[in-house]
Amino acid sequence: MILIKINELLSEEAEGKDLVVGKDGKKDGKAVAITVDKAGGPSDKDGKKQKKEFKAEPPDEAFQDTEGEERESWDSKLTFLLATIGYAVGLGNVWRFPYLAQKNGGGAFLIPYFIMLAIEGMPMFFLELAIGQRLRKGAVGVWSQVSPYLAGVGIASAVVSFNVALYYNTIISWCMLYFVRSFQDPLPWSECPPARGGNGTNQECEISSATQYFWYRETLDISTDINTPRNFNLQIGAALIVAWFLVYLCLAKGLASSPKLVYVTALFPYCVLILFFIRGVTLEGMSDGIIHLFSPKWEKLQDPVVWLEAGTQIFFSLGLGFGGLIAFASYNPVNNNCARDAIIVSLTNCTTSLFAGIVIFAVIGFKAHLTHKECLQHQDNKTLLMLFNTTELEHSPPVGSLITYWINNTKHTMSMPDIRICNLQEELDNTASGPGLAFIIFTEAINQFTFAPFWAILFFSMLFTLGIDSQFGTLEGVVTSITDMKIFPNMRKEVLTGILCSMCAVLSMMFAHGAGNYVFVLFDQFSGNVPLLIIAFCEVFGVAYIYGLSRFAEDIQLMTGKRPHIYWMFCWKYLSPIAMIIILTASFIKIFTEGSSYPKWDSVHGVAVDEEWPNWALILAMFLVLIAVFWIPLIAITRALGIVIMHKEEPAWFPANELRDFHGIVRHEPTAAERVLFGFREDGTEGVFFPTKPGGGRDDDDDDDDEHLR
């Protein structure tokens with residue numbers, strides 16, 4: 001947001017522009033001012049009409065953010081868009097979406113994916129950007145202003161962001177370790193090391209693979225299960241400290257003040273993906289991988305789990321509920337077009353997922369093709385021809401099952417022998433999500449590339465920038481919430497960020513021992529999923545049923561000059577809450593019926609096997625969920641009992657009257673559709689099931705806020 005100082009105002013008058021000052025304003029550096037071109041926009045020397053420009057400055061120092069300091073602002077629109085894209089586009093786009101797509105019906109998965117994007121993803125993304133830009137606070141400040149009873153929603157967002165940032169930096173530390181080791185030639189995970197002591201081969205590596213051994217043993221030094229941690233892992237501990245220090249350096253001055261950093265971290269992953277795409281389409285077997293990814297299995301659409309995973313992927317890949325989007329939007333100009341931003345970033349996020357899926361499966365197709373060719377050289381074709389009259393089987397019969405075959409018109413029966421059978425489709429199915437895809441499957445494929453170290457350096461630097469970019473937004477939500485709560489009112493942002501990163505660095509040492517990867521999985525499964533769904537539901541419910549949908553639509557019209565389409569309002573009122581309730585309910589049913597487990601590394605057989613969580617781990621998981629969401633009912637109940645935990649703060653400056661005059665907005669008369677669908681009434685109330693009062697459903701002592709904001 002560009003704030004006009006008094007010397008800038010005077011210079012604009014000297015340049016021949018009209019200065020429109022609010023009715024209570026004066027040209028003294030504290031005036032609310034709008035600058036427009038003379039005569040409503042005269043023609044320039046080329047005969048083109050000049051565009052009107054809205055500029056305004058807070059009329060009173062009381063509207064400044066903290067102790068007289070002005071709120072941060074983006075230096076340009078591009079910086080904001082890149083920062084938001086970098087926040088939304090993360091590791092899940094690269095290592096989660098491709099796996100879900102091929103697992104849940106290939107091309108058919110795109111149908112529920114884009115439906116969930118339309119009814120859940122984009123509407124919620126739009127809502128968070130709009131409410132942050134309108135109320136100009138972090139998550140805590142925004143939801144306490146929507147209603148004092150919803151103040152706990154902002155605290156819950158900050159707690160979830162803290163928990164997720166805590167373990168998310170562990171991924172960044174892993175990427176740093178692999179990045180450093182990628183400068184070796186040959187790559188250290190390209191072949192099995194000798195046995196300890198130097199005699200013979202390493203048995204654990206031989207029965208698994210070189211990439212699996214390097215990941216589980218050399219990097220993680222993983223223990224047998226979560227109950228038996230091994231010694232402290234010094235290299236991961238050191239990498240975590242470095243990772244948190246880097247995050248601090250980037251966040252100390254604020255992302256809005258670091259445009260060059262935003263450009264690099266947001267654009268670099270796309271450059272690397274394009275390079276891998278160019279390399280991937282030249283690889284032998286790449287078409288097999290891409291066809292495998294997008295081949296539709298229409299019967300999968302009947303499986304409710306497919307819809308559940310599509311909705312979950314959309315929700316978490318966009319970073320909804322963390323408070324980061326609200327914080328980013330609060331730094332925008334008051335007249336920024338947040339509707340257009342929501343569509344651009346949401347579609348960019350999904351397009352990135354599709355593009356990353358093509359790149360990943362082009363490389364996986366190459367790897368599967370090489371493995372299949374090597375397998376064919378050792379396959380017992382003679383036995384296969386005798387039993388099945390072909391050497392290409394779509395499905396291999398279980399070893400020991402009875403097989404009937406004919407020789408010279410004579411029927412024979414024998415048990416299926418334990419022979420090597422090569423199947424390209426099984427090789428293509430041999431993929432994974434999360435760290436398994438990045439650090440095992442994809443690294444194994446990179447081993448086959450010419451100049452493999454170069455491609456490894458690119459790949460892990462891409463993962464690093466994807467991770468740290470999302471980390472910025474996640475931690476920014478925590479810092480902004482603490483700032484808005486004024487817990488440390490006189491503390492500079494860089495000091496607060498330093499204390500927060502130092503505390504996180506100490507706590508993250510829980511991921512730096514033999515069982516640390518299992519603790520990481522526990523955090524990944526429970527610290528974000530359920531709490532974020534509950535938070536997002538409270539957000540959309542708070543806006544649609546407490547703040548008031550009509551009032552929210554008017555706010556958006558003030559900021560953008562246009563009321564939101566009725567489709568957006570229908571999603572906020574009905575579709576998005578219903579979708580989140582269904583996903584949340586289905587998630588609980590899935591957990592209670594199927595249970596929850598973690599992949600335990602079996603060093604004897606060289607595979608990861610599912611293991612049930614021990615009781616203490618389930619208690620910790622429940623704690624991670626409750627420590628976030630219990631703030632929502634706690635604040636609401638105490639407020640209802642007259643106990644004020646969070647005191648009311650002054651609303652941020654918002655020039656509603658000036659924006660209304662600038663856009664030429666007149667009073668909106670509810671349409672017939674709005675009356676039927678949303679219950680909009682002439683007196684300003686609304687609601688189909690129950691009415692919302694004109695003030696947005698807040699306490700009487702808050703009813704003067706609207707005038708105060710103007």
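**Reading helices and backbone in a predicted chain**

Modeller: Buried residues make up 55% of the 710 residues in the protein chain; buried means under 20% relative accessible area, exposed over 50% and partly exposed in between, using a 1.4 Å probe and protein chains only. This is a predicted model, in which local features need pLDDT of at least 70, side-chain atom pairs count only at pLDDT 80 or more, and totals for chains, interfaces and linings use all residues. Residues are numbered from 1 along each chain as its sequence is written, and side-chain values use heavy atoms, leaving out hydrogens and water.

Biologist: How many helices and strands does the protein chain have?

Modeller: There are 28 helices and six strands. Helices (H or I, at least four residues) and strands (E, at least two) are DSSP runs, numbered from the N terminus.

Biologist: How are two packed helices described?

Modeller: By the angle between their axes and the distance between the axes. Axes are lines fitted to C-alpha atoms, for helices over the stretch in contact, with angles from 0 to 180 degrees between N-to-C directions. Here, the axes of α7 (residues 151-181) and α21 (residues 516-526) come within 10 Å and cross at roughly 135 degrees. That makes α7 oblique to α21, since angles under 35 degrees count as roughly parallel, over 145 as roughly antiparallel, 65 to 115 as roughly perpendicular and the rest as oblique.

Biologist: Which residues of α7 and α21 meet?

Modeller: Contact means heavy atoms within 4.5 Å. From α7 come Asn-163, Leu-166, Tyr-167, Thr-170, Ile-171 and Trp-174, and they meet Asn-517, Phe-520, Phe-523 and Asp-524 of α21.

Biologist: Where is Ala-239, and is Ala-239 buried or exposed?

Modeller: Ala-239 sits in helix α10 (residues 234-251) and is buried, with a relative accessible area of 6%. Setting aside residues up to four places away in sequence, Ala-239 touches Ser-173, Met-176 and Leu-177. Ala-239 and Met-176 are 63 residues apart in sequence, yet 7.0 Å apart in space, C-alpha to C-alpha.

Biologist: What covers the buried residues of α20?

Modeller: The cover includes α7, α10 and α19 (452-485). Among the buried residues of α20 are Leu-496, Leu-500 and Cys-504.

Biologist: And the backbone: which residues does a cis peptide bond join?

Modeller: Asp-185 and Pro-186, with omega about 5 degrees. Pro-186 lies in the loop between α7 and α8 (203-207).

Biologist: What is the phi of Arg-136?

Modeller: Phi of Arg-136 is near 60 degrees, a positive value in a residue other than glycine. Arg-136 belongs to the loop between α5 (110-135) and α6 (139-146) and is buried, at a relative accessible area of 4%.
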